[in-house]
Amino acid sequence: MAADAQKQLQELEQLAQTLGVRVCYDAMTGLSQGGGGLCKVRGEWRIIMDRRLKAAERLQVISDALRSRFDTEAHFVSPQVRTLLTAP
């Protein structure tokens, strides 16, 4: 994983935690096969994704999930991560 992608991933994971969203990596097989996404488990927001995803795919899953449901504007993030969060 490239150092820049790893840094952005850590920043997104920290933002998710700040927003009360738990990020989980798991092996997704069978009926749960796919990239991952946002869900609510016992009242707790989670982003669950396949641990075999590449860094760029992980960035996409987390940024899509946060953008879809949460207001991230009030939280400081680097310009690179802000671009991920505001992409259409």
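**Aromatic pair and sheet arrangement**

Trp45 is buried, with a relative accessible area of 18%, where buried denotes under 20% relative accessible area, exposed over 50% and partly exposed the range in between, for a 1.4 Å probe and protein chains only. Phe70 is likewise buried, at 17%. The model is predicted, so that local features need pLDDT of at least 70 and side-chain atom pairs count only at pLDDT 80 or more, whereas totals for chains, interfaces and linings use all residues. Residues are numbered from 1 along each chain as its sequence is written, and side-chain values use heavy atoms, with hydrogens and water left out.

One aromatic pair is found in a search of the whole structure, the criterion being that ring centres of Phe, Tyr and Trp (its six-membered ring) lie within 6.5 Å, with planes under 30 degrees apart counted as stacked, over 60 as edge-to-face and the rest as tilted. The centres of the Trp45 and Phe70 rings are 5.7 Å apart and their planes stand at 85 degrees, so the pair is edge-to-face. Because Trp45 belongs to strand β3 (residues 44-50) and Phe70 to the loop between α2 (55-69) and α3 (79-86), the pair ties together parts that are 25 residues apart in sequence; helices (H or I, at least four residues) and strands (E, at least two) are DSSP runs, numbered from the N terminus.

Three strands form an open sheet of mixed pairing in the order β1-β3-β2, with strands taken to pair if DSSP finds at least two bridges between them. The edge strands, each pairing on one side only, are β1 (21-26) and β2 (36-41). β2 and β3 pair in the antiparallel sense over six bridges, and Leu38 has Ile47 in β3 as its bridge partner.
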